[in-house]
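Please look over the sequence and the model before reading further. The paragraphs below proceed from the overall division of the chain to individual helices and residues.

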Amino acid sequence: MVANELTVAVLGPGGVGGLLAALLSRAGHRVICLAGDETATVLRENGLQVRSGRFGDFTARVEADTELREPVDACLITVKHTALDASLGRVPAAVLGDGLVVPFLNGVEHPAALRLRYRPDRVAPAVIRVESTRVAPGVIEHGSPFAEIDLTGDPVPRGRLDTLAAALDDAGPDAGVLDDETTALWAKMSFLAPLALLTTRYGLSLGDVRTTHRDELTALVTETAAISRACGGPGGPAQALARYDAFPPGMKSSMQRDAEAGRALELDAIGGALLRAAEHHGVPAPVTARVVRELTGTGGSGGETPE
Ligand SMILES: NC(=O)c1ccc[n+]([C@@H]2O[C@H](COP(=O)([O-])OP(=O)(O)OC[C@H]3O[C@@H](n4cnc5c(N)ncnc54)[C@H](OP(=O)(O)O)[C@@H]3O)[C@@H](O)[C@H]2O)c1
């Protein structure tokens with residue numbers, strides 16, 4: 001048994017949630033996956049099967065249910081934005097009690113929404129850098145050589161964050177706690193949004209976008225950085241561009257992969273949230289507005305469709 005065994009629920013055992021659930025279970029923690037009937041049945045019968053260059057190929061036994069029925073140390077929220085509202089009914093606030101609510105979603109608006117529903121000082125937003133895909137219910141392919149987690153939560157007791165970060169770190173990913181929630185969330189948003197919006201808009205990989213649509217990429221990065229700064233986040237457009245230039249040319253964004261597969265896009269959580277923040281702070285964002293408008297109607301307007 002692991003020294004400090006935690007009980008962790010995972011709402012949405014997909015690319016991110018399935019990987020973390022399997023790693024935590026393998027490390028000796030008790031894991032309860034919360035999913036729809038069909039996926040819960042598959043998980044109970046077959047466990048979670050992970051294929052990962054970094055963590056190995058393995059099957060992890062997990063508990064599975066359609067709803068949280070007992071308090072847990074933490075509930076990881078790993079559904080997509082498009083399924084967030086519909087899925088939260090599976091985690092009643094009264095049952096969760098003192099447990100941490102740890103959303104791994106991209107975007108910047110969900111922590112406030114979760115704090116209306118759960119104890120605000122128990123909502124601990126996380127940022128994850130990973131490429132992991134649910135190829136079938138309970139079958140997860142982790143493709144990136146990295147898996148990095150920043151845990152945050154300004155009002156959350158530091159000891160609670162440290163305990164969970166240590167459990168995640170021991171289980172495999174590089175996990176730590178960052179002091180400033182706004183900086184952490186906007187750092188991810190600033191990197192992700194221009195890449196996601198443009199690769200999806202043109203159906204091109206990063207390598208093509210950064211050469212053939214360089215001016216637009218620069219404009220989006222500049223606007224996003226200005227919005228981030230206005231919101232109290234970091235804002236260095238040159239840094240973001242340099243990072244894009246360092247990535248392999250064939251890289252695709254997950255929004256682009258969702259578009260290719262005909263799934264609902266997290267457009268509202270990324271582009272929509274950017275534009276709402278820009279308007280709130282009076283920051284001009286004409287290129288972002290145009291690209292979001294062009295994407296809306298290509299699948300991106302279905303922001304609230306459960307997947
Ligand atoms: N995947 C990545 O590499 C990655 C990297 C960084 C950040 N993110 C962010 O992490 C979040 C999750 O992305 P993801 O790629 O892990 O998504 P995903 O693979 O689509 O997984 C989502 C999971 O949610 C489940 N789900 C959907 N509706 C549900 C409901 N009503 N009740 C319970 N479960 C429900 C799905 O169940 P079924 O299996 O039954 O369909 C699926 O297992 C997103 O915000 C994404 O932007 C992802």
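The bounds of a domain, as the word is used here, come from an automatic or database domain assignment. The model itself is predicted. On this basis the chain is divided into domain 1, covering residues 7-179, and domain 2, covering residues 183-295. The C-alpha centres of domain 1 and domain 2 lie 25 Å apart. The two parts also touch: 13 residues of domain 1 are in contact with twelve residues of domain 2. On the side of domain 1 that touches domain 2, five residues are nonpolar, five are polar and three are charged.

An unreviewed UniProt entry places the feature "domain: Ketopantoate reductase N-terminal" at residues 8-144. Over residues 8-144, the chain is 30% helix and 30% strand. The end C-alpha atoms of this stretch are 24 Å apart.

The ligand may be considered next. How many residues surround the ligand? There are 31, and the closest are Gly12, Gly14, Gly15, Thr39 and Ala83. By class, this shell has 13 nonpolar, twelve polar and six charged residues. The elements α1 (15-26), α3 (81-87) and β9 (132-136) each supply at least two residues of the shell. The largest share, four residues, comes from α3.

Is α1 mostly covered or mostly exposed? It is mostly covered, since twelve of its twelve residues are buried. Among them are Gly15, Val16, Leu19, Leu23 and Arg26. Just after α1, Gly28 takes a positive phi of about 105°.

A residue is buried if 20 or more other C-beta atoms lie within 10 Å of its own. Val16 has 29 C-beta neighbours inside 10 Å, and therefore counts as buried. Leaving aside neighbours within four places in sequence, Val16 is in contact with Thr78, Phe104, Ile128, Val130 and Ser132. Val16 and Glu181 are 165 residues apart along the chain, and their C-alpha atoms are separated by 20 Å.

Attention now turns to helix α7, residues 181-202, where Leu198 is found. Leu198 is buried because 25 other C-beta atoms lie within 10 Å. With neighbours within four places in sequence left aside, the contacts of Leu198 are Val209, His213, Glu216, Leu217, Leu220 and Val291. Leu198 and Val42, by comparison, are 156 residues apart in sequence and 36 Å apart in space, taken from C-alpha to C-alpha.

The buried residues of α9 are Leu217, Leu220, Val221, Glu223, Thr224, Ala225, Ile227 and Ser228. Which helices do these buried residues pack against? They pack against α7, α8 (206-212), α10 (237-246), α12 (267-281) and α13 (286-295). After α9 comes Gly232, whose phi is positive, near 95°.

Technical notes: Residues are numbered from 1 along each chain as its sequence is written. This is a predicted model: local features need pLDDT of at least 70, side-chain atom pairs count only at pLDDT 80 or more; totals for chains, interfaces and linings use all residues. A residue is near a molecule or strand if its C-beta atom, placed from the backbone, lies within 6 Å of it. Ala, Val, Leu, Ile, Met, Phe, Trp, Tyr, Cys and Pro count as nonpolar, Asp, Glu, Lys and Arg as charged, and the others, Gly among them, as polar. Two residues are in contact if their C-beta atoms, placed from the backbone, lie within 7 Å. UniProt positions are given in the numbering used here, feature names are shortened, and annotations may be inferred rather than shown by experiment.
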